[in-house]
Amino acid sequence: MEANSHVALDLLRKAHPPETASAIFTEKILHKPLRLRPTSPDPNHKDARAHRRLQRLRKKEKAKRRQKPKPLSAKEKRITGIYEISNESKKYEVYVPLYRMWLGYVWEILGMVKGKPTWVTAQTAGARLASADFHGAKLMVVRSKSVSTVGLRGIIVRDTKFTFKIITEKDELKTIPKIHTIFRFHIPQPDATHEEPDPGKIKGISNDGIGPNALVFELHGSSFEHRAIDRATKKFKQRNMTEL
């Protein structure tokens, strides 16, 4: 169709002079820019499906990062063996530094200072010791319904809800149930000759920590059947011991 016979030009000539109609027709219709945009990809195209799949995966990964990590189940812990102690680590000397660290820790929670013997009672120290962490403590079994465990002594390497696992001086790993068992442990006085308490230089540290004015405690396992992390926030109350 020629420009002179265009319908739009005929209509413009009826409303405008011929020169004005031609100018409007040329500027607004003949030379009007045609703005194009990219067309959407075919939904059935292979690349479109791959793009949608990639978007779903990215959205799923983003939601997964916002979630808290799922804790391991008991079966997964057994399979991975995260709590197992290797044979190379079943040596008493390996855990002696841990015992020394535990002494410094228990001195701090009991308020024991160098050069000043400290006397504690159940009212002042009972709740603190009940909530304390016993990993690294050195204790001995003094009474138990399991006769074979009486007399065992060593350093606690794992404190579970129902058992203590200890390393004996013979480099043996022993599992002792808490129920119907009474444990005894000693806390020596800090050395008065050092600026800071140094358990490694206290007389008697290799002999169950017994020294001058050492504090002696007995722990009733039947009332201690809690995990270390649970004891830290638990409030213990005084009550009668029916087993006694």
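Strands β1 and β2 run antiparallel and are joined by 3 bridges. Helices (H or I, at least four residues) and strands (E, at least two) are DSSP runs numbered from the N terminus. This is a predicted model, in which local features need pLDDT of at least 70, side-chain atom pairs count only at pLDDT 80 or more, and totals for chains, interfaces and linings use all residues. Residues are numbered from 1 along each chain as its sequence is written, and side-chain values use heavy atoms, with hydrogens and water left out.

**Sheet**
- M140 has R153 of β2 as its bridge partner.
- An open sheet of 6 strands has the order β4-β3-β2-β1-β5-β6, with antiparallel pairing; two strands pair if DSSP finds at least two bridges between them.
- β4 (173–177) and β6 are the edge strands, each pairing on one side only.

**Nonpolar cores**
- A nonpolar core is a set of buried (under 20% relative accessible area, 1.4 Å probe, protein chains only) Ala, Val, Leu, Ile, Met, Phe, Trp, Tyr and Cys residues joined through side-chain atoms within 4.5 Å.
- The largest such core has 32 residues, and W102, V106, F134, F164, F185 and I187 have the most contacts inside it.
- Elements that each supply at least two residues of this core include α5 (92–110), β1 (138–144) and β5 (181–187).
- With 9 residues, α5 gives the most to this core.

**Confidence**
- The chain has a mean pLDDT (the predictor's confidence in each residue, from 0 to 100) of 80, and 81% of its residues reach 70 or more.
- Over residues 192–209 pLDDT stays under 50.

Note on methods. Buried means under 20% relative accessible area, exposed over 50%, partly exposed in between (1.4 Å probe, protein chains only). Contact means heavy atoms within 4.5 Å.
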